[in-house]
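Visitor: I am new here. Could you walk me through this one, step by step?

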Amino acid sequence: MRKYIIVPVLLAVVLVMMCHCTSDRKATVPANEYLIQGELANLSDSIVIGLYVDEGNIFNLVARDTLLNGKFSFRDTVSVTKKMLIMSDNKGFPGTWLEVWIAPGEYIEIKGEDKLLKTWEVVSDIPEQAEENRFTACAMAQQKELMQHLAAEYDWQRMMFIDHAGDQEFEKKGWAKIDSIRKLTTPLQQEIWKKELEYMKEAPISKVWIDKLLLYASMMKYETVMPYKEEVKSLYARMPETEKQTDAGQEITAYIYPPSVAGIGDMMVDGELYDVNDSLRHISEFAGRFILLDFWSSGCGPCVESIPEMEKVIDTYKDRMTVISISEDPKARWKEYVKTKGMGGNQWNELRRGRTGLAVSYQVKGIPHYVLIAPSGKIQDMWSGYGSGSLLETVKKNLK
């Protein structure tokens, strides 16, 4: 067997070269930019990877890159540290995302061996990323299994709504498959949450910690799915008062200690809303008429699909009923969408973070969500979801 000995001089040269390469790599990222470079094994070229930013109930696409020789990259200017999301809607990917933190002058490496996003390794010098990785490591085995099930569910949804759109028999088969998959994913997801909540008891209160608590707090209304209400309240008690006064802190407080909830037969709940001209508005302005509240978002497919039918509803019942469309979108996106689509009527927005305020009071768990208020001021009906003809049919039934 041959033995190789590196003499001190050669070793010094090697070290200098290593240092030089490292500094060069850092130097390729200017102080006002970030660079994400990914390398994925066992994946074919032409897969599209997307980089998104979360802007309050809306995931906005920032950039796309197509996998070539197993590699993808994203590069742009940035002024602050913030979280981005990496996703792909290609077959075999789970319908979820990978959290990646970026910061000025930082280089971020991503490595993976499959399409299971949460199992990809993210390496950088950004402290928030290190903390994000610690959360993921809490239940990596469960994450991997969950990603496999979510990928199967996402593929079935794609087949139902794209490949076999309109095929009711296939849709029936698809939902049966998805229901069976969810029986496996729910306990896995709960196990992951439990492990993360346990970690949060001792973990430092960081940006990532606050983000996680905000997620769990927002899910407390889904008690059958996320059964850790008391654990979330206990963690909330750990938050310093200064953190509770921030925007995120106030949103967390609103989820954990929501206002009174109104249901069918109760008197309506009013609030402060704003129209596209920034004027303060109230639901009570239309007291004495039927009022239909339409909670929606431009990022919600069924919401957008329902718009033409809602216009028919408005025209058909204009003498008896007023429709108030309450958007969840951020202010700029909401105004631009209303303007671009030429949407008339009462286009209002609470301009709140998350589903707080009236969304909590009227039990909005999914959108589109509708609330019909009678001329007496009492809630006559509430329902969620949209299918062709369903809106006209439900309103007609209530106003006959």
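Visitor: Which residues form a disulfide?

Guide: Keep in mind that this model is predicted. A disulfide requires two cysteine sulfur atoms within 2.5 Å. Here a pair of sulfur atoms lies 2.5 Å apart. The pair is Cys300 and Cys303.

Visitor: How many disulfides does the structure hold?

Guide: The link of Cys300 and Cys303 is right-handed, with 80° about the S-S bond. The total for the structure is 1 disulfide.

Visitor: Is Cys303 buried or exposed?

Guide: Buried means under 20% relative accessible area. Cys303 has 1% relative accessibility, so the residue falls under that limit. Cys303, then, counts as buried.

Visitor: What does Cys138 count as, at 23% relative accessibility?

Guide: Under 20% would be buried, and over 50% would be exposed. Cys138 has 23%, in between, and therefore counts as partly exposed.

Visitor: What share of the residues counts as buried?

Guide: The protein has 400 residues. Its accessible surface comes to about 21,200 Å², with 53% belonging to carbon and sulfur atoms. The share of residues that count as buried is 44%.

Visitor: What share of the contacts joins residues at least 24 apart?

Guide: Take contacts between residues at least 6 apart in sequence. Among these, the share that joins residues at least 24 apart is 64%.

Visitor: How many aromatic pairs are there, and how is the pair of Phe59 and Trp97 arranged?

Guide: The count comes to 12 aromatic pairs. In the pair of Phe59 and Trp97, the rings are 4.8 Å centre to centre, with 90° between the planes. Planes over 60 degrees apart count as edge-to-face. The arrangement of Phe59 and Trp97 is therefore edge-to-face.

Visitor: Where in the chain do Phe59 and Trp97 sit?

Guide: They are 38 residues apart, and the pair links distant parts of the chain. Phe59 is partly exposed at 30% relative accessibility, and Trp97 is partly exposed at 28%. Phe59 sits in strand 3 (residues 59–66), and Trp97 in the loop between strand 5 (82–87) and strand 6 (98–102).

Visitor: Which residues form one aromatic cluster?

Guide: Rings pair if their centres lie within 6.5 Å. Four residues make up the cluster: Phe72, Phe74, Phe93 and Trp120.

Methods
Residues are numbered from 1 along each chain as its sequence is written. This is a predicted model: local features need pLDDT of at least 70, side-chain atom pairs count only at pLDDT 80 or more; totals for chains, interfaces and linings use all residues. Side-chain values use heavy atoms; hydrogens and water are left out. Buried means under 20% relative accessible area, exposed over 50%, partly exposed in between (1.4 Å probe, protein chains only). Contact means heavy atoms within 4.5 Å. Accessible areas come from the Shrake-Rupley method with a 1.4 Å probe; for residues, only the protein chains shown count as cover. Rings of Phe, Tyr and Trp (its six-membered ring) pair if their centres lie within 6.5 Å; planes under 30 degrees apart count as stacked, over 60 as edge-to-face and the rest as tilted. Helices (H or I, at least four residues) and strands (E, at least two) are DSSP runs, numbered from the N terminus.
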